Amino acid sequence: MTMTAHQETIDQADQPLLRVRNLSKHYGMITGCRDVSFEMRPGEVLGIVGESGSGKTTLLNCLSGRLPPSQGRVEFNASRHGLVDIYDLSEPDRRRMQREDWGFVHQNPRDGLRMRVSGGANVAEPLMNLGRRHYGDMRQASLDWLNRVELDLSRIDDKPRTYSGGMQQRVQIARNLIHAPRLVFMDEPTGGLDVSVQARLLDLMRELVRDLGLAAILVTHDMAVARLMADRLMVMKSGAVVETGLTDQVLDDPQHPYTQLLVSSVLQI
């Protein structure tokens, strides 16, 4: 490796995985999110918290390439391009980056699964999208991941519509992690599940994120979920970030009145 190439490798390693600058999304006179800026490093879990209507889902959709912002930049350190604004990429290049480098776990697993094919086929599909063609290898990879998310392996050929909500969410998680993404977006991943199912699923997600060294952005209204999963928090109100910091710092010593209200409402339950 030449000195120049070596320096380029060091420079890229020193760059953040994700850099967001002055991101805003407007719907006419309505503001979805405004003037959001932050950076993320590999292996970091960022929680975005706030009440319904605070702008956190709009922000997540802008960050994940699903909703073009009105202004600002979303720069990702893509394996093929280095640090680049995802909205400067061509549509094919952005979709390729989303397939290769990202995962997206929906709140409703039915939005992230193909309900007419088997659970095993759902898990293996990202490998097919990356060019894998050996059926036996892909089936074994599906079995390995279904085992990692603690799903009964005898159900591998059953369709997701026959699974419970918690089982569907486990399949969706396996589907999103099997291709070793560098960044995973999670939109209320335990919302709508029974409390007992939520607890085990959260433990499982935390173990997988830590074991794999994933970077993740987690949107939630649940402060207990945020405390368990996130290293750092951003608190949103009316489309703006009103407080940010280490998770324990924000939750144990909130500075903004809105954050104080959110934390106190949890303590009163």
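Predicted model: local features only at pLDDT ≥ 70, side-chain atom pairs only at ≥ 80, totals over all residues.

Mentor: Residues are numbered from 1 along each chain as its sequence is written, and side-chain values use heavy atoms, with hydrogens and water left out.

Trainee: What makes α4 oblique to α5?

Mentor: Helix α4 (residues 119-129) and helix α5 (residues 135-148) pack at an angle of about 120°, with their axes 9 Å apart. Helices are DSSP runs of H or I with at least four residues, strands are runs of E with at least two, and both are numbered from the N terminus. Axes are lines fitted to C-alpha atoms, for helices over the stretch in contact, and angles run from 0 to 180 degrees between N-to-C directions. Angles under 35 degrees count as roughly parallel, over 145 as roughly antiparallel, 65 to 115 as roughly perpendicular and the rest as oblique. The angle of about 120° therefore makes α4 oblique to α5.

Trainee: Which residues of α4 and α5 meet?

Mentor: G120, V123, A124, L127 and M128 of α4 meet M138, A141, S142, W145 and L146 of α5, where contact means heavy atoms within 4.5 Å. By class, this contact has eight nonpolar, two polar and no charged residues. Ala, Val, Leu, Ile, Met, Phe, Trp, Tyr, Cys and Pro count as nonpolar, Asp, Glu, Lys and Arg as charged, and the others, Gly among them, as polar.

Trainee: Why is α4 called roughly parallel to α6?

Mentor: The axes of α4 and α6 come within 7 Å and cross at roughly 25°. Because that angle falls under the 35 degree limit, α4 counts as roughly parallel to α6. In this pair, G119, N122, V123, E125 and P126 of α4 meet V171, A174 and R175 of α6. The classes here are four nonpolar, two polar and two charged residues.

Trainee: How do you know that α4 is mostly covered?

Mentor: Eight of the eleven residues of α4 are buried, meaning under 20% relative accessible area, with exposed over 50% and partly exposed in between (1.4 Å probe, protein chains only). Among the buried residues are G119, N122 and P126. The cover over the buried residues of α4 includes α5 and α6 (165-177).

Trainee: Why does L208 count as buried?

Mentor: L208 has 5% relative accessibility, so L208 counts as buried. This residue lies in helix α7 (residues 195-212). Leaving aside residues up to four places away in sequence, L208 touches W145, R148, V149, I173 and L177.

Trainee: Is R232 buried or exposed?

Mentor: R232 has 16% relative accessibility, and therefore counts as buried. R232 lies in strand β9 (residues 232-237).

Trainee: What does the side chain of R232 reach?

Mentor: The side chain of R232 reaches the backbone oxygen of E39 at 2.6 Å. A polar contact is a pair of N or O atoms within 3.5 Å; within protein, one must be able to donate a hydrogen and the other to accept it, and residues adjacent in sequence count only if both atoms are side-chain atoms.

Trainee: How far apart are the C-alpha atoms of R232 and G245?

Mentor: They are separated by 5.6 Å, although R232 and G245 are 13 residues apart along the chain. G245 is also one of the residues that R232 touches.
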